[in-house]
Every structure is written in C-alpha cells, then in structure tokens.
4 protein chains.
Amino acid sequence: MTVSSTASADIARLIISCPDQPGIVAAVTQTIAELGGNIISLDQYSTGVEGGRFFQRTVFHLPGLAAARPRVEQAIEKKLADAFGMEWSLTEVSRPKRVAIFASKTDHCLLDLLWRHRRGEIPMDITMVISNHPDLADDVRAFGIPYFHVPVINGDKAAAEAKHLELLQGNVDLVVLARYMQILSSGFLEQVGAPVINIHHSFLPAFIGAGPYQKAKDRGVKLIGATAHYVTEDLDEGPIIEQDVIRVSHADDVAQLTRYGADVERGVLSRAVKWHCEDRVLRHGNSTIVF
Amino acid sequence: MTVSSTASADIARLIISCPDQPGIVAAVTQTIAELGGNIISLDQYSTGVEGGRFFQRTVFHLPGLAAARPRVEQAIEKKLADAFGMEWSLTEVSRPKRVAIFASKTDHCLLDLLWRHRRGEIPMDITMVISNHPDLADDVRAFGIPYFHVPVINGDKAAAEAKHLELLQGNVDLVVLARYMQILSSGFLEQVGAPVINIHHSFLPAFIGAGPYQKAKDRGVKLIGATAHYVTEDLDEGPIIEQDVIRVSHADDVAQLTRYGADVERGVLSRAVKWHCEDRVLRHGNSTIVF
Amino acid sequence: MTVSSTASADIARLIISCPDQPGIVAAVTQTIAELGGNIISLDQYSTGVEGGRFFQRTVFHLPGLAAARPRVEQAIEKKLADAFGMEWSLTEVSRPKRVAIFASKTDHCLLDLLWRHRRGEIPMDITMVISNHPDLADDVRAFGIPYFHVPVINGDKAAAEAKHLELLQGNVDLVVLARYMQILSSGFLEQVGAPVINIHHSFLPAFIGAGPYQKAKDRGVKLIGATAHYVTEDLDEGPIIEQDVIRVSHADDVAQLTRYGADVERGVLSRAVKWHCEDRVLRHGNSTIVF
Amino acid sequence: MTVSSTASADIARLIISCPDQPGIVAAVTQTIAELGGNIISLDQYSTGVEGGRFFQRTVFHLPGLAAARPRVEQAIEKKLADAFGMEWSLTEVSRPKRVAIFASKTDHCLLDLLWRHRRGEIPMDITMVISNHPDLADDVRAFGIPYFHVPVINGDKAAAEAKHLELLQGNVDLVVLARYMQILSSGFLEQVGAPVINIHHSFLPAFIGAGPYQKAKDRGVKLIGATAHYVTEDLDEGPIIEQDVIRVSHADDVAQLTRYGADVERGVLSRAVKWHCEDRVLRHGNSTIVF
C-alpha cells in the first residue's frame, strides 16, 4: 500500500510474537479498536496451533498517533503483552529507519540502494556510507550522503571497529553490508545495537571457500544465486530474508558468472532492505517470517 | 498448514467481504472466540481504507464443528453480516470440493490433476470427467474416476450442454476445463451453479486467433506462458488466478514451444485448482485476491 | 568469452545469412582458415533444411586483422557471398559500437546502461544522451557523457527530429530508446541509418492503450513483464530481442507494479543492448535469432 | 528441430572433443560434405583458444546413412580423429537410446518420464523399470513397460546389484535414477557400461544429511531446487546437467516444501534425460556442456 507523506503521519506498525493460544487476534484488534485505530492490514502466522509460536504484523491508522503514542504503548503492555507473554514493537511509518551502508570497492549493491533511496522506493534514511576503501567516495557524495573512509591500518581491525561504533551507535536502526569484504567481530555485533543485513552469492550446492564462481563453473552449475540474511555470529549462516537465482550456461565464463551474480545480488539485497524497513521481516530462531 | 484427516474434522474456513470500515477484524475474531473457536490463520486485504472493499479468509478450529454449524452460521449472520453488510461463506475442511473435469483429446492437464488427486495434494473429490471425445477414457478409469463421453452430435451443442447439466447439477462444487476445446454458452454458465476454471496459453503480448504458437515464433518471443482464470461470458477475459512462463529460444520450433506450453499449463492449472479448493481465491470484480 | 583489450585487437565477428544449402559451414570455415584465421566460436541456425534460411555468427582471431581487413572482405565476397547468395557483415571486436541513448524523465533504464557502460559490461561507446527534457542532465554528465536537450517546441516534432538526425547521422551505430516517451516518425527511422532498440512493459495478455498497469491490476495479473525489441514502423510490434517477467500479487498496488516493471525493464534492456553490441542478435523477418 | 520418423532415418549426430587448435570446424564440415552429408545444425564450444579443449555437436543428413555408416566412421577416424587427437561418437537419430529407470516408492519422477515417453517427447525406448519395492508395478505396466522387482534381501546389496547387471548389461544405453533410494556401488558403476543420471533436491546453500527440507525450513530458505547430474563415485557430486528452483515462503510447511521439491525434480530430470537422449550433453571433467 502506498501512503502519501501526510497520510503516513498517523500510521503505525505493531509487530508481536508470543506462544500461540486462543484469542490473540481478537485481543489485538479489540485493543486497537478501543484506542481509536483503524486496521489497514494484518498478517499473522503460527508455527503450530499446539506449542507453536504466533507472529503478527498489524498496520493501523490512528489520528494523532505521535501524541497518542504513550497511551498506545501502555495499552499494548497492559492488555496484550502481560496477558499473552508477548514480545512487541511499535513503529511509526512517518519515521523511516536510519540506515548505514558498509561497502568496500564493489559498487553494484551500494549504488542500487542509493538510487532506490533517491527514487523513494525504500522507506529509509541513509545516514552514512562507511568503507575501508576510498574508491566509492565520489559516487556516494554525488547522492548527498556522507562517506566515511575507515581503513583497517596495519591489520588493526579492532581500531577500525571502534571507529565504526563511534559513528554508528545511537545513529542507526539498520546496518547493511553491501559487499563489505571484512568480517565483523562478535564484539561489534553485540555493541552495534542494530540488526545487520548481509548479501552473498549462493549456488546449488554451496561451494565453500575462495573462488566460488570458479568452483561453480568447474561443476557445470546452471543457476547462479544470491542470499540476503541477517548477520549472526555464524558467518553467512544467519536467518535468510530473500534469495533469487539467474540461469547461466557453459558458455558463460567466470567473469560473466560473476556479473550475473552481481545482478542477482543487488536485486535480492534491495528487496531484503525494503522489506526490513517496512517491518515485514520477523525473526524466529534461525528462520524468518516475511509478511 | 497440513492437517491430518481426524484433525480436519473440526476446522472451518470463513470467507468474508464487505465495504472497508473500522472494526471488522475485531468483530470477526471476537465472534469466533465467543463461539469457542481458535484461529489457525487469518489473511485480510483491503482495496483501500476509504471507499474500498475488505476481504478476509479466516481458518479456525472449533470442537464439534459439524454439530455446531447452525449456531456458528447464526452468529455470523447476526453479529457480522448484518452489521457490516457482509457477503460470507463457511466451508468445512473435512468436506473437500466436488470437482468435475472437462477434457477433449489432450491429456497433460487432465492427467496432472488426476495424479495430484491420487497423491492427496489437492483437497478435492474428482466426481467425474466429461469429454467430447472417447480417447482418454482408459487413462481416467485407471484412476477409478467415472468418464462420461458426451459428443457434440451434428453440431448440436445445446443438446450436449443439456447432458452436461444433467450430470453436473447438484453434484459438483467446481468445474475445471482441462484443455476442453468447446466454448461454453452463457446459458450453461448461468445454470451450472458452480464456478468454472479454465487454462489457456499466454504470451507477451497476446497473439489473438488461431495458431498462437506459430505467431509467437514469428515474432521471436522469448517466453511462453499460461493463465488460469475463472470463466465469464467474456471468453478468456475472466479474473486471473495464476500465471507462469518458461523461457524459450529461436532454436525451439513450434512443436517444442507447444510442449513447453503444455508443461506450464499443467503447473498453472494445478496450482489454481488447489488454491480454489482451499478457498484461497476471492473474486473482486474482474480481479482476484489469492491468500 | 572475455577478451582482454590487447587480444581483442585481432578478433573479428562475421555474421552471415543466406538460403540454406549444403556446404555453407564448410566453405566459411575453410575460407577463414585460408585467411590464417582461427575460429573462436561459431553458432549457426537454419529455419529449415529445405527452403529455409541459414544464419551463422563466427568469431575468429586473425593476426594483423586491421591491416588484413580488405583482403578478408574480398575473400568473403568472392568465395562466399557470390557462391551462396549471402548477406554478410564483418565487425572488429576492438571497435565497440557507438550508441546514442534517448530518454525522457524516467531514469531507471538510462542509469543502468550508463553504469554498466562504466563497469565495462557492455562493449559500446555511449557517444551521447538525447532527451526532450532537461531533468537527467546532471546524472548523465556525471558519467562524462554529453547530454543534448532537444525539446519538442510547440508540438513541432519534425523540427526536433531534424536536430536528432543532425546529431546522430554518421555518429552512431545504434540508437537505444531508454523509456523515451515520443513516437519516432517513419521518416526518422528511414534516415537515422542505425538500428533502434526500444523497451516497453509487457503483460500476459497485453493491455492496450493508456494505464496498462491499472488495467493489469484490474484483471488480477500475477506476472509483470518487459520486452526489448527493434523498432519498426509498426509501433511496439518489431522483432523481440529479450523478455522477462517478475511475480506480483494482489497486495501490490499500481505504484508497486510500476516499480517492479521498472526493475524488469532495466534488466531486459541492458541484456538486449549487450547482445546487440556483441553482434549476437540476427533479424529474420519479424523475428530474431539470438546466439 | 522436430524430425519425422521417415526423415530421421538418415540423420546422424557426431559428437567430438579434442585439444583446441586451428582448423577443426573446417576439417569436420569438409569431411561431412565430402561424404555427401548436409549439416542441419552445429554447436561448438572451446574452454580456451590456447591450451583449451574443443567440443562440437554436428547433426547432419546423409542419404542412406545406415548403409554408409562404416564408410563414415572410417573417414572420421582417418581424416579427423588421427589428425586432431579427437574423441568422437556417432549416433543415428533413428535409433533412440535404450533407457532403464530405477525407482523406489516415490512416483513423481518415474511417472513423468513414462508419460513423456508415451507422448513421444523424449527420443528414448524405456526398456525396463527396476525397483527395490513392488509398489509402482501396476502404474508402470499400464504403460506397457516391464517392471522388475529386485528387493535388497537381508541387506545384501551385492546380490541385488548382480541381478541389476544381469538385466542391464548390453540392454541399455542409459540408466536413470528416478528417486531410487539406494546408493550404487562403485563396482556397479564400473560394470554397468552406460551413463547414470540422478536427480536430487538442492537448496542455497546445501543442507547436508538427513531431513534437508526440515533444515531448509529452519533456515528460512525462499527457494527450493533440484539438480540432475551424472553419477560418479562421489555421491551427488557429479557433473551437473540441469537445475531449477521454485519460490516458497514461510507459510509452506515441510510437507508442502517437499511437494514443491517433487514438482521441480520431475521437470529437471525430464529435461536432463531429454537432452542426454538428444546427445546434447557433453562431459568435460566434472562439468558439462549442454548444447
């Protein structure tokens, strides 16, 4: 649903999860109605009626939302969270997520996000781009976005991450790794205080280690893919948000496979970021629900 | 959600549509809760908060559903339909839809439906296959399904349709045209008393008239597709349920394009029939909502 | 096959078509061998052994190609063209096609081509961008490409086209309409002296006239597509080079359908332009062969 | 290209591979022309002009092929194989490959192949179906194909494989594992004297071991795929012939993922078998070239 900027002022998204049990939807919708809200859309999913977990995304319109927010939060806490053992979050559509993008030298994912941001396709504010290389500074600044060059000096990753945290903490709601070629430490992930989305190539089957496109070519793969996922301590093993593939043939050399891979990557990452910024992606263990 | 046959006995699907207005979801979920039902899944969609139409599919478990059905229907009618100007229907998961399949000489769509039916992939009872040709009788009867050969004699379509109606009326909840090569009269559509789903080839753009695959080849099309839709009086112009395409090249001749078309057709038709039988397809004007 | 710039200096592409008859491949390969050339790749296609037309694309390496070119052309003319009634063209890989891009206000196709050009993904020189609007000038010039604003003043399309021809004639090998929203006159097409590629949205079936995305939504289409084709006098009816689709749902509004359409368009157009610039697309009547 | 049965009598396919070097295509086409053959189609691929390997598939028409075969083979051997260090094979289109299908209890891949065989979509003779279970006997015999039940008794796989070899040796040109749930020994693979094609599920990334669909669900995968490959001693690691995927969502349970997987598997396997039977699949190390 497209929402004009005036209209978006009074629209909220309520994300909840709790043990599945009778009466959740009724209670949530009842509570919103009592608050004077009008539901625009509602998606729910349960992993199983008995012993399962329940997830719901509810978008509703409530006149004077910003002023009413404390009252809304109190009602959710008392009437819903306590009663159902619920985890919940409430976001306002008028407040786009603040996003920092990490990049290295490769531009395809980064530029696609900047361009979609400029077109207004993704409800986010890109507050900064951080890179361990200077190469992409001009491209980024042409979009009016700050570019911070944080090199890893003498292999001192800890120092670089300390600078990252200084720039990020309190300033961002989401970090996007747009082909950032450094591994983040678990300490960084703990302290950054925002979810981190990564993109990487994918094949059927996976080809582990260096030179995956060459390995894929050597096996004769017919599909090249990409996966966007949340970053967890297990590198590239976090919950999957989005995936896609493109068909290739024996006539494509490794360079062409890599270019096709780049095309798939930018599409997959931009959809993953869009859905996250619309609060459509709920995490459940190492899996996701995408409403 | 997979439901075992014992469990399915007490599961209902409530499909509603009405002018969008505050409080619908709350009222529906409240009503189901008061009846002792537990919601398993709920999907809703609105064409617009102001002046739009609201659609909802709610699956719920209610112990003793069959016995409680009159009480449930009364509650829906009084507490929901009257208040919201609602159209609604209630189906029981334990009662699969009764389906008649029409075919001519081509077997790919028909056999795919029979085979999926045997595997239990589609919640339906295929009560009969009707054909204007005898060719497929053995194949159909091998699945234990009655085959009725109703030829069009001396071009007397009205006589054939009269026989069709005799076989169908009161006996089916859905008619599927699995490459049935006769055009149904508007009189038949009025009297049959069940929705009719058709499958036909599709291209970008459409190629009207006879020999569409040849025309597609002559234009150099790179995609061959199929569309499943509800049949309305405007031939092949009814609400679209499902579509898909397959990639082709100049090296494929018309016969191969036709074979690829058949592959797409059987996949698209089987998904459309499955979704219809699960009450996932709601009609809105000449469009569909597929939950 | 990726060819480094030094290597590409001596690589040629020979494109031929003629009535199918025995001995063509042998004669072509024999002639190239006698000239001292080494075949890198060869693709051929016949519309039918009897009465059909034969097409072949042969890429070969010949040391000192630039100097040898007159000798090569003479051999082709005498030993092949005369004998087989052949149409042919010979291009050098080291001489990328000179491309002019026409755009209006929409940037997605234009920027994708400029960006791929900068990455070296498409073997072309973009010599100019021509637009009937000034909006995209800054974006284009940031890539170091000349931008010519040629407005249609007082509806005088003939005057605008005269300026176009002045800019283009002798300067381009290909014109790409990257969402250029003016219809080219048949006079322009005759005089421009280069093939013209266009991109437009496509659906199954086609929705003719204005507001196609709205019409597609009203019919409930599940796939949104795009078609790249050569421009002929029959608007949007020329030979198809490439097509693709993306899956959509009832939950996507017209604005979102249009955004998905833009994503498909830029991918399809960039592949079509790449293949054309690699001499992979051969025209046959209103169809194409894409090697 | 569709070939009628009369026409196919005189059509041959010549498959060659050798170190890449100048003059191969010229020599092959010259040799065929001298033999009185007319080339219908020719595909070639080189892994690299210098130090690479060259592959070619040439389809040609030669009147009186069956009688002329010794003369043709002699010419190939003397004029081509010796000169270029060539491996080659010559097949006649009129002699479809003899295929044995192995199955266990699951019917989707098996029935799809039997049905396509009956429709004449794949140029093969299915000479037998071998299964370690009796379940599918009726289905297979309804197609007029012999069904051999070879159970593994008391875990004695060697005894079962001995029976397999007795049935197969000299009688088949291809073995297809259509969801056959026993691992073939390397001894069997050495002795069977025919290539073996297998189909298995695939994901991005791979999920190793038992319960792959459950593992895929637990990670939130959005694509379910299948891979058809030649069987080598490294289980499921052989050269890939064909792959495809289907999109899934969090709402699909493991049973539904498995059903989607079955749909992809039958499509992928049938294309792989068709291409193999048309001599389109050339092996190169652990990779394939698919013309």
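Predicted model: local features only at pLDDT ≥ 70, side-chain atom pairs only at ≥ 80, totals over all residues.
**Briefing: chain fold, chain pairs and selected residues**

Chain A is built from nine helices and 13 strands. Its radius of gyration is 21 Å, close to the 19 Å that the globule rule gives for 291 residues, so chain A is as compact as a globular protein of that length.

**Chain A as a whole**

- The C-alpha trace of chain A, taken along its principal axes, spans about 60 × 40 × 35 Å, and buried residues account for 57% of the 291 residues in the chain.
- Of the contacts in chain A that link residues at least 6 apart in sequence, 65% are between residues at least 24 apart.

**Chain A with chain D**

- Contact between these two chains involves 36 residues of chain A and 36 residues of chain D.
- The area buried between chain A and chain D is about 2700 Å², with 51% of it coming from carbon and sulfur atoms; on the chain A side, the residues that lose the most area to chain D are A:L204, A:R219 and A:H250, which together make up 28% of what that side buries.

**Chain B with chain C**

- In this pair, 36 residues of chain B are in contact with 36 residues of chain C.
- About 2700 Å² is buried between chain B and chain C, and 51% of that area is on carbon and sulfur atoms; within chain B, the most area is lost to chain C by B:L204, B:R219 and B:H250, together 28% of what that side buries.

**Loop residues with positive phi**

- A:D279, which is placed in the loop between helix 9 (254-277) and strand 12 (281-284) of chain A, has a phi near 55°, a positive value in a residue other than glycine.
- The relative accessibility of A:D279 is 10%, and because buried means under 20%, A:D279 counts as buried.
- C:R179 sits in the loop that runs between strand 8 (174-177) and helix 7 (186-192) of chain C, and its phi is positive, about 65°, although the residue is not a glycine.
- With a relative accessibility of 17%, C:R179 counts as buried.

**D:V231 and its surroundings**

- D:V231 belongs to the loop between strand 10 (223-230) and strand 11 (240-247) of chain D, and its relative accessibility of 18% makes it count as buried.
- Once its neighbours within four places in sequence are set aside, D:V231 is in contact with D:L177, D:L189, D:V196, D:I197 and D:N198.
- D:V231 and D:A83, by contrast, are 148 residues apart in sequence and 32 Å apart in space, taken from C-alpha to C-alpha.

**B:H61 in strand 3**

- B:H61 is part of strand 3 of chain B, which covers residues 53-61, and at 28% relative accessibility B:H61 counts as partly exposed.
- From C-alpha to C-alpha, B:H61 and B:I40 are 6.8 Å apart in space, while 21 residues separate their positions in sequence.

Conventions. Residues numbered from 1 in each chain as written. Chains lettered and ligands numbered in written order. Heavy atoms only, no water. Helix = DSSP H or I, 4+ residues; strand = E, 2+ residues; numbered from the N terminus. Rg over C-alpha atoms; globule rule 2.2 N^0.38 Å. Buried < 20%, exposed > 50% of the residue type's maximum accessible area, 1.4 Å probe, protein only. Contact = heavy atoms within 4.5 Å. Buried area = accessible area lost by both parts, 1.4 Å probe.
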